[in-house]
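Dear colleague,

Please find below the structure that I am handing over to you. My notes on what was found in it follow directly after.

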Amino acid sequence: MSVPPDTSSAAPSVDHTAQAARRRWLYGAVAGAAALGGAGLAWWRLQPHAQQEGAEAALWGMEFDTPAGGAPLVMKALQGQPVLLNFWATWCPPCVDELPMLNTFYRENAPKGWQVVGLAIDQPSAVRKFLGRLPLDFPVGLAGMGGTELGRSLGNLTGGLPFTVVLGQGGRVLHRKMGQVTAQDLQQWASLR
């Protein structure tokens with residue numbers, strides 16, 4: 001008669017390599033999930049969100065002081081034309097980088113009815129000094145911190161800069177972009193009305 005071996009006193013076999021591999025996989029999975037979550041949150045924060053009801057009508061009723069003084073920038077005077085509205089500041093490197101491109105867009109498209117308006121979310125003295133070094137052909141309004149609230153009402157929930165809004169001839173928002181404008185954006189927007 002055969003007797004089965006006695007395994008009650010034998011120590012269980014532990015594969016430390018397999019446990020280490022599982023632990024690394026688990027850490028990697030947790031890190032990957034955290035990275036995806038962080039990337040998703042960053043993407044969401046950089047997207048324009050729904051604008052507040054009545055934001056367009058409020059925009060067309062606004063007036064802004066200008067850096068040179070004199071007559072204010074009256075938004076109602078631009079209604080009925082396509083408008084590229086850019087929120088910027090002198091302390092914002094991507095804002096400063098895109099201004100020459102926006103100026104070129106304005107020069108090329110103004111004969112086609114396009115308007116470009118820069119709303120500076122900045123101190124008037126800083127804007128005047130900046131425009132002394134880099135003059136712009138399009139009108140600039142001094143929006144100050146109220147410009148941040150206007151941007152939020154138009155869908156920029158984070159208040160980040162630069163923020164650009166494209167308004168059609170009918171005065172409605174056609175497109176919004178959080179972040180620096182590209183040549184491709186401007187080419188696409190030029191066909192909007």
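**Salt bridges**

Asp185 and Lys177 are joined through their side chains by a salt bridge, with 2.5 Å from N to O. The term salt bridge stands here for a side-chain nitrogen of Lys or Arg within 4 Å of a carboxyl oxygen of Asp or Glu. Both partners, Asp185 and Lys177, are buried; buried means under 20% relative accessible area, exposed over 50%, and partly exposed in between, with a 1.4 Å probe and protein chains only.

Please note that this is a predicted model, in which local features need pLDDT of at least 70 and side-chain atom pairs count only at pLDDT 80 or more, while totals for chains, interfaces and linings use all residues. Residues are numbered from 1 along each chain as its sequence is written, and side-chain values use heavy atoms, with hydrogens and water left out.

Across the whole structure, the search finds 4 salt bridges. Another of them connects the side chains of Glu56 and Arg172, at 2.8 Å from N to O. This pair links distant parts of the chain, 116 residues apart: Glu56 belongs to helix α2 (residues 55-60), and Arg172 to the loop between β6 (163-167) and β7 (173-178). Helices (H or I, at least four residues) and strands (E, at least two) are DSSP runs, numbered from the N terminus. How do the two residues stand in accessibility, buried or exposed? Glu56 counts as buried because its relative accessibility is 8%, whereas Arg172, with a relative accessible area of 54%, is exposed.

A further salt bridge is formed by Glu149 and Arg152, whose closest N and O atoms are 3.0 Å apart. Both residues lie in helix α5 (residues 144-153), 3 residues apart, or about one turn of the helix. Glu149 is partly exposed at 48% relative accessibility, and Arg152 is partly exposed at 27%.

**Disulfide and cis peptide bond**

A disulfide is a covalent bond between the sulfur atoms of two cysteines. With the criterion of a pair of cysteine sulfur atoms within 2.5 Å, the count comes to 1 disulfide. Cys92 and Cys95 form this link, with their sulfur atoms 2.3 Å apart. The angle about the S-S bond is 75 degrees, and the link of Cys92 and Cys95 is right-handed. Both Cys92 and Cys95 are buried.

The peptide bond from Leu161 to Pro162 is cis, with omega near -5 degrees. Pro162 is located in the loop between α5 and β6.

**Overall architecture and helix packing**

The protein chain contains 6 helices and 7 strands. Read from the N terminus, its elements follow the order α-α-β-β-β-α-β-α-β-α-β-β-α. Of its 193 residues, 37% count as buried. Among contacts between residues at least 6 apart in sequence, 63% join residues at least 24 apart; contact means heavy atoms within 4.5 Å.

Helix α3 (residues 93-109) packs with helix α6 (residues 183-190) at an angle of about 25 degrees, the axes being 11 Å apart. The two helices are therefore roughly parallel. Axes are lines fitted to C-alpha atoms, for helices over the stretch in contact, and angles run from 0 to 180 degrees between N-to-C directions. Angles under 35 degrees count as roughly parallel, over 145 as roughly antiparallel, 65 to 115 as roughly perpendicular and the rest as oblique. On the side of α3, the contact is made by Met101, Leu102, Phe105 and Asn109, and on the side of α6 by Ala183, Leu186 and Ala190.

**Two buried leucines**

Leu119 is part of strand β4 (residues 115-120) and is buried at 0% relative accessibility. Leaving aside neighbours within four places in sequence, Leu119 is in contact with Phe64, Leu85, Asn86, Phe87, Trp88, Gly141, Ala143 and Leu150. Leu119 and Pro139 are 20 residues apart in sequence, and their C-alpha atoms are 8.7 Å apart in space.

Leu142, in strand β5 (residues 140-142), is buried with a relative accessible area of 16%. Not counting residues up to four places away in sequence, Leu142 touches Phe64, Asp65, Thr66, Pro67, Ala120, Pro124, Val127 and Arg128. One of these, Val127, is 15 residues from Leu142 in sequence and 8.1 Å away in space, C-alpha to C-alpha.

Yours sincerely
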